[in-house]
Every structure is written in C-alpha cells, then in structure tokens.
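Subject: Structure for you to look at

Hi,

Here is the structure I promised to send over.

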Amino acid sequence: MKRIGLISDTHGKLSKRVVRFLEEVDEIWHAGDIGSEELADKLMELKPLRAVYGNIDGHVLRRMYPESLRFFCEEVDVLITHIGGYPGRYEPRIRKAMYANPPQLFISGHSHILKVVHDKKINTLHINPGAAGNSGFHNVCTAVRFKIDGKNISDLEVLEFERTKF
C-alpha cells in the first residue's frame, strides 16, 4: 500500500499547511507548474517526488521533469500531465493515448480547480488537485491525499483553505 500526496500549481510557494498535509504520505506527485527548482528540492527532501513540468516552469525544471509521466504505482496504471483537459474534452496532445490505452488514474493540473471525475467511457479516474500555491485566480488552495493498494484507489482526502499570503 502507498499513500500519495497530490499537488499542482504551486508556482514556487508552498504553505506550511500543505507541508503538514504531505508529511503522512509515502510519495508526493506534482502535476506541474512547480515554479522553482528550490521548491522541487524542498519537496524531494520531504518525500520521494514524481513530477511533470507545467506551462510556467522554466528550462531547468523542463530538463528535470518530463511533460507527461506514465508509470505503475502498485498495480494502478497512472498518467500525469499538466495540461490534460477533462473527460470528454481531453487535450489533443494526449487524447489519442487516453482512448487507445486508457490509464486507470489520470492526473492533470493547470485549471487551479479541484476536480475528481470518473470517466465512465474509458473507466478512468481523473483527479485535478487544484492549486496548492498562492499565485493565480483561485480563492482556495487545495491538495489531495489518497491510498493505492494493489488495484484499488481509496481514502481520498482533500485539504482546502482560503488563499492568503504565505
């Protein structure tokens, strides 16, 4: 069993609330717009990190992390990308892969809006953890935790707090 902490759109800053939320996980997954190499290093000091770069990430982060990442966690096929769209409206860059070989878990960021949706057409769980950072149009910072045990994804928890200056 693995406990996963999922964040996105930190834009270089992470509140102490999110750090505390991530202390109880085995791995941190970041769905892009990390914002700085320093923040990536801080996350790696906390827990093992899997990440993709986002549209605001510069050339150093783009060399450190891929645009999309596909892997197995336990027995769950996972696909992470920053700009991925939503069920029925996937980004053209990944749409073909989503329908030809759907992952069990699809994670994207970018929208700054927390959303968990089951795509019944391809039997894929889609999670967008919203924005954990302080930059953007969102009024609420969010992060997600869940467990993966074998083929099962369970115990999803959401951290949500009003955006303030960190």
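Arg93 and Glu67 form a salt bridge, with their closest N and O atoms 3.3 Å apart (a salt bridge here is a side-chain nitrogen of Lys or Arg within 4 Å of a carboxyl oxygen of Asp or Glu). Arg93 sits in helix H4 and Glu67 in the loop between helix H3 (59–64) and S4, so the pair ties together parts that are 26 residues apart in sequence. (Helices, H or I of at least four residues, and strands, E of at least two, are DSSP runs numbered from the N terminus.) Both ends are partly exposed: Arg93 at 40% relative accessibility and Glu67 at 35%. For the cut-offs, buried is under 20% relative accessible area, exposed is over 50% and partly exposed is in between, with a 1.4 Å probe and protein chains only.

Before I go on: this is a predicted model, where local features need pLDDT of at least 70, side-chain atom pairs count only at pLDDT 80 or more, and totals for chains, interfaces and linings use all residues. Residues are numbered from 1 along each chain as its sequence is written, and side-chain values use heavy atoms, leaving out hydrogens and water.

Back to the salt bridges: the whole structure has seven. One of them joins Arg3 and Asp26, with 3.0 Å between the closest N and O atoms. Another joins Glu27 to Arg50 at 3.1 Å; Glu27 lies in strand S2 and Arg50 in strand S3 (residues 49–51), so this pair links parts 23 residues apart in sequence. Glu27 is buried, at 7% relative accessible area, while Arg50 is partly exposed at 26%. Lys2 joins Glu27 and Arg50 in a salt-bridge network.

Now the sheet. It is open, with five strands in the order S4-S5-S8-S10-S9 and mixed pairing (two strands pair if DSSP finds at least two bridges between them). S4 (68–73) and S9 are the edge strands, each with a single partner, so one side of each has no neighbour in the sheet. S4 pairs with S5 (residues 76–81) in the antiparallel sense over six bridges. Helix H4 (residues 92–100) packs on the sheet and touches S4, S5, S8 (105–107) and S10 (124–129); contact means heavy atoms within 4.5 Å.

And which residue is buried yet has no salt bridge? That is Asp119, whose nearest side chain of opposite charge, Lys121, is 7.3 Å away (Lys and Arg count as positive, Asp and Glu as negative; His and the chain ends are not counted). Asp119 is in strand S9 (residues 114–119).

Cheers

How values were computed. Axes fitted to C-alpha atoms, helices over the stretch in contact; angles between N-to-C directions.
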